[in-house]
Amino acid sequence: MVDLDALRQKHPEIRDDFTIDQHWERYGVEEHGVWKTLFKRQMEVLPRRACAEFLEGVQKLGLEPDHIPQFERASDTLEKLTGWRVVAVPSLVPDDNFFTHLAARRFPVGQFIRRPDQLDYIEEPDVFHDFFGHVPMLAHPVFADYMEAYGKGGLRALTQFNALKNLARLYWYTVEFGLIAKPEGLRIFGSGIVSSRAESIYALESPSPNRIFFDLERVMRTEYRIDDFQESYFVISSFEALMEETYKDFGALYKRLATGPSYRPGDILPSDHVHTSGTHTYVGGSHAAA
Ligand code: PHE
Ligand code: FE
């Protein structure tokens, strides 16, 4: 449980909505250097791996490789595109607070950046994961609407349906770890993947994980692991299709989900539609399917 009073010890200026000022002027050379290193290596692996919508978002936001973005400036750009802004937070915020921000088109971004010895893994999302991973997709109009709808749905799941566990799986397997099938092959849009070099390669090119076409109820019944690469990814066909699937009322679905099976992260079900071709298009024609 996140305790505001405890956080006040470290961040006396924290507001009731858990936001703080970014204090961009306080980042040091080493902190900007971590951003620069991470940005550079992701921009090396992401062309032809991340979906065009993500890469266009990076362009549209005018993200600069050399330093941590200034939230106010980036928000002014983003707001003109889709009405979203980013706000600085010290660390993870409580669920209800997170959903309230999303529902108002505000994306909470961790103010701090990982240390140079933590380039590949951190437990708590920092500005690189939150900003680089999440914000470019918010420049896409349909995804922007999806995130707002998720925030509103989160408040409903929390207050009316006690179904947060199920809804959080949808977030995990789309916003954080989603893949999308494009005519040119599978592409990444999930922030947890695009902010990790090793998983950006693994998610598309490793023969190990399952890549299963998105099915809402299947996803909401599937547990996830937070401490290793995913054993299964879910593949959407388009952002419009994802929006259409999720925009309907989840009331009846939540009732159904209260009973029945849940699945382990690596399970494959007879009803699954597994994506088998095109995962290796990046390396190009290495398997002889014709
Ligand atoms: N349709 C969901 C509900 O009825 C809300 C939602 C929309 C959740 C989009 C996630 C994404 O609560
Ligand atoms: Fe995230």
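Predicted model: local features only at pLDDT ≥ 70, side-chain atom pairs only at ≥ 80, totals over all residues.
Residues are numbered from 1 along each chain as its sequence is written, and chains are lettered from A and ligands numbered from 1 in the order of writing.

Ligand 1 is surrounded by Y146, A149, Y150, G153, R156, L167, L170, T246, Y247, K248, D249 and F250 (a residue is near a molecule if one of its heavy atoms lies within 4 Å of it). By class, this shell has seven nonpolar, two polar and three charged residues, where Ala, Val, Leu, Ile, Met, Phe, Trp, Tyr, Cys and Pro count as nonpolar, Asp, Glu, Lys and Arg as charged, and the others, Gly among them, as polar.

Backbone atoms of the protein approach ligand 1 at several positions. A nitrogen atom of the ligand is 2.6 Å from a backbone N or O atom of T246, and a polar backbone atom of K248 lies 2.6 Å from a nitrogen atom of ligand 1. At F250, a backbone N or O atom is 2.9 Å from an oxygen atom of ligand 1. Taken alone, ligand 1 exposes 320 Å², of which the protein buries 94% (Shrake-Rupley method, 1.4 Å probe). Two or more residues of the shell are given by each of α7 (141–161) and α8 (164–176), and α7 supplies the largest share, five residues (helices are DSSP runs of H or I, at least four residues, numbered from the N terminus).

Helix α7 also packs with helix α12 (residues 239–246) at an angle of about 25°, with their axes 9 Å apart (axes are lines fitted to C-alpha atoms over the stretch in contact, and angles run from 0 to 180 degrees between N-to-C directions). The two helices are therefore roughly parallel, a term for angles under 35 degrees. For helix α2 (residues 29–45) and helix α10 (residues 197–205), the angle is about 15° and the axes are 9 Å apart.

Technical notes: Heavy atoms only, no water. Polar contact = N/O pair within 3.5 Å; in protein donor to acceptor, adjacent residues only side chain to side chain. Parallel < 35°, antiparallel > 145°, perpendicular 65-115°, else oblique.
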